[in-house]
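Please consider the model shown below, together with its sequence.

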Amino acid sequence: MFVPYDGATRTACGQGQSAMGPFYCPGDRRVYVDLSFYRELRDRFGAPGDFAQAYVIAHEVGHHVQTLLGQDREAERAAQVYGRKGATGSSVRVELQADCYAGVWANRANATQHILEPGDVDQGLAAAAAVGDDKLQKQSQGRVMPDSFTHGSSAQRVHWFQRGFERGALEACDTFGTDGL
Ligand SMILES: [Zn+2]
């Protein structure tokens, strides 16, 4: 289910490479995380800590939950209405829902197993903020282009992770049925 690797690996979705960042492959239902991403998260994006890493995995597992729940149909409908890319597109809605599911996981795991230590949630929020489209675009291209968003802005990623964490229920994560992303 969870496959850490270093450099490159074979997946049912083609060759996994570190440049792709962490991803979920519906074809083999596995989460692939290149360990160099954790180094980048810490050193380049300023989001260190074990819970920042847990957030990354929980987000990818969120995509697995979406697969199990058949959310790809919702995503397809959203694509017809809003298009795929862009600030309100289906891709952003899928990704923000995965962030929200990650928050739900943090809530439930803490309720049943008391996993959270002081500062953990802040680490998760910092990681969510670090990988917002606006922040990444600004870093790599010097400007922000909402029309090409695929994951949502830093503020949106923080918002949906927090919402899932506070509510602790998947129903809080309906990113397809809202105008207020
Ligand atoms: Zn994702």
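The paragraphs below treat the disulfides, a strand residue and the metal site in turn.

The model is a predicted one, in which local features need pLDDT of at least 70 and side-chain atom pairs count only at pLDDT 80 or more, while totals for chains, interfaces and linings use all residues. Residues are numbered from 1 along each chain as its sequence is written, and side-chain values use heavy atoms, with hydrogens and water left out.

The disulfides (pairs of cysteine sulfur atoms within 2.5 Å) number 2. Along the chain, the bonded cysteines pair in the pattern 1-2, 3-4. Strands are DSSP runs of E with at least two residues, helices are runs of H or I with at least four, and both are numbered from the N terminus. The torsion about the S-S bond of Cys13 and Cys25 is about 95 degrees, and the disulfide is therefore right-handed. Cys25 is buried at 0% relative accessibility, whereas Cys13, at 42%, is partly exposed. Here buried means under 20% relative accessible area, exposed over 50%, and partly exposed in between, with a 1.4 Å probe and protein chains only.

The other disulfide joins Cys100 to Cys173, again with S to S 2.0 Å. Because Cys100 lies in helix H4 (residues 90-113) and Cys173 in the segment after helix H7 (154-167), the pair ties together parts that are 73 residues apart in sequence. Its S-S torsion is about -75 degrees, so this disulfide is left-handed. Cys100 has a relative accessible area of 0% and is buried; Cys173 is likewise buried, at 0%.

Strand S2 (residues 8-11) contains Thr9. This threonine is buried, with a relative accessible area of 18%. Leaving aside residues up to four places away in sequence, Thr9 touches Gly14, Gln15, Gly16 and Tyr32, a contact being heavy atoms within 4.5 Å.

At the metal site, His59 (NE2), His63 (NE2) and Glu95 (OE) coordinate the zinc ion at 1.9 to 2.1 Å. The donors follow the spacing H-x3-H-x31-E along the chain. His59 lies in helix H2 (residues 50-69) and Glu95 in helix H4, so the pair ties together parts that are 36 residues apart in sequence. Both His59 and Glu95 are buried. Donors are N, O and S atoms within 2.8 Å of the metal (3.2 Å for Na, K and Ca), and because water is not among the atoms, sites may look incomplete.
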